[in-house]
Amino acid sequence: MHAFNLQPKTISVAERLADLAVDALIDEADLSPKPALVDRRGNGAHTDLHLGLMHASALSLWPAFKEMAETAIECGEVGLPLREALGRIGREGEQAMLATTHGVNTHRGAIWALGLLVAAAALEPESSGASAVTLRAARLALLDDRYAPRPLSHGAQVAQRYGARGAREEAQLGFPAVLQRALPQLKRSRSLGHGEQNARLDALLAIMTRLADTCVLYRAGEQGLHTMQSGAQAVLDAGGSASLAGRRRLHELDQQLIALNASPGGAADLLAACLFIDRIESGAGVTQGVC
Ligand SMILES: CC(C)(COP(=O)(O)OP(=O)(O)OC[C@H]1O[C@@H](n2cnc3c(N)ncnc32)[C@H](O[C@H]2O[C@H](COP(=O)(O)OP(=O)(O)OP(=O)(O)O)[C@@H](O)[C@H]2O)[C@@H]1O)[C@@H](O)C(=O)NCCC(=O)NCCS
Ligand SMILES: Nc1ncnc2[nH]cnc12
């Protein structure tokens, strides 16, 4: 009997998509230095989060992502049965996350975004281009889940106060922050030879330049949102994360957002969504199923 089995292991499409979603969350958490977010350096603007908790939270979501993909494959089409099953699995995923983090909300927005994208990718693994996947995800997000509770979430409070519709609208519009800003910036920075970590930071900043992040609005109001958007633009204008001037601006932005208690958690979730789409688009084995 051998201790290791070195034969290639065949895994299902659903397992592969769940792997890619969790990888995207871990890569987002590890990326450093992110302004006011949890990363390898510290806890940013958060008192109740740390990197180990972000990793544990990401891993706790693997079964939910796998079940979402399996359910999409079973249903076979965008429709109410799939939308309502995803809602149930998403809510169960949130419970698994909260049990792991002892009640801290680490990835609620990410479960929503990545859950929709995982299901959208599973529906048609051969059609894994960014536009096609985000369009299917948007069609799912536009369907109304009759069983969804309507809690007075932070996002709902921000919607009442500022009219920002946050995570729901972003998905219903087909993830414009990812499709129009993050992915093009990621590719631009890579092609300029800026290095993978800098390219990912630049993609995050590109999201932050325009996003109405309800996490920032809830914690720091319109002043926080303006600081986030204009500060992120200033880093990119100064040459991005790979340049010395850009790095200085990034450091200033980090300090300013922490002083305002403004954490761009929604932007972080959308970076994870961008990294997920980037991987499936580049054919990271969704249809191969071998690791
Ligand atoms: C549709 C839902 C997303 C619910 O949305 P809603 O806006 O009502 O709810 P929130 O609880 O506020 O969650 C939304 C989270 O989405 C992220 N986000 C914010 N802005 C945007 C945006 N413009 N685009 C995309 N995503 C956005 C953000 O998540 C991150 O922040 C979280 C921390 O936030 P918060 O809890 O406010 O925490 P703190 O400020 O730290 O609070 P304190 O500790 O200080 O008290 C963190 O989790 C990040 O992920 C928003 O928070 C959806 O959740 C829903 O309906 N789910 C039901 C299940 C379902 O249907 N699933 C089906 C498909 S899978
Ligand atoms: N790295 C991070 N820090 C804080 N909140 C987050 N939500 C998602 N990712 C996050």
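The following legends describe close-up views of a predicted model of one chain with two ligands.

In this predicted model, local features need pLDDT of at least 70 and side-chain atom pairs count only at pLDDT 80 or more, while totals for chains, interfaces and linings use all residues. Residues are numbered from 1 along each chain as its sequence is written, and chains are lettered from A and ligands numbered from 1 in the order in which they are written.

Figure 1. Helices (H or I, at least four residues) and strands (E, at least two) are DSSP runs, numbered from the N terminus. The C-alpha atoms fill a box of roughly 50 × 45 × 35 Å, taken along the principal axes. Buried residues make up 49% of the 291 residues. A residue is buried if 20 or more other C-beta atoms lie within 10 Å of its own, exposed if 12 or fewer, and partly exposed in between, with C-beta atoms placed from the backbone. Among contacts with a separation of 6 or more, 75% are between residues 24 or more positions apart; two residues are in contact if their C-beta atoms, placed from the backbone, lie within 7 Å.

**Figure 2. The shell around ligand 1 contains 36 residues.** A residue is near a molecule if its C-beta atom, placed from the backbone, lies within 6 Å of it. The closest residues are G90, G109, G115, G155 and G266. Helices that each supply at least two residues include α4 (80–101), α7 (154–162), α8 (166–172) and α11 (214–237). The most come from α5, with seven residues. By class, the shell holds 13 nonpolar, 14 polar and nine charged residues. Here Ala, Val, Leu, Ile, Met, Phe, Trp, Tyr, Cys and Pro count as nonpolar, Asp, Glu, Lys and Arg as charged, and the others, Gly among them, as polar.

**Figure 3. The shell around ligand 2 contains 14 residues.** Those that come nearest are A29, L37, V38, G265 and A268. Two or more residues are given by each of α1 (13–30) and α13. The largest share, three residues, is that of α13. The shell divides into seven nonpolar, five polar and two charged residues.

**Figure 4. Helix α5 is largely enclosed by the rest of the structure, because 15 of its 16 residues are buried.** From its first C-alpha to its last, α5 reaches 23 Å, close to the 22 Å expected at 1.5 Å a residue; the expected span is 1.5 Å times one less than the number of residues. The largest nonpolar core has 89 residues, of which L114, L117 and A119 touch the most other members. To this core α5 gives the most, with 13 residues. A nonpolar core is a set of buried Ala, Val, Leu, Ile, Met, Phe, Trp, Tyr and Cys residues joined through C-beta atoms within 7 Å. Not counting residues up to four places away in sequence, L117 touches V133, A137, A273, F276 and I277.

**Figure 5. A cis peptide bond joins S32 and P33.** The omega angle is about -5°. P33 is located in the loop between α1 and α2 (51–60).

**Figure 6. F175 and N261 have positive phi angles although neither is a glycine.** For F175, phi is about 55°, and the residue lies in the loop between α8 and α9 (176–191). F175 is buried, with 27 other C-beta atoms within 10 Å. For N261, phi is about 60°, and the residue is placed in the loop between α12 (244–260) and α13. N261 is partly exposed, with 15 other C-beta atoms within 10 Å.

**Figure 7. L211 occupies the loop between α10 (196–208) and α11.** L211 counts as buried because it has 25 C-beta neighbours inside 10 Å. Not counting residues up to four places away in sequence, L211 touches A177, G266, A267 and L270. The C-alpha atoms of L211 and A164 are separated by 9.9 Å, and these residues are 47 apart along the chain.
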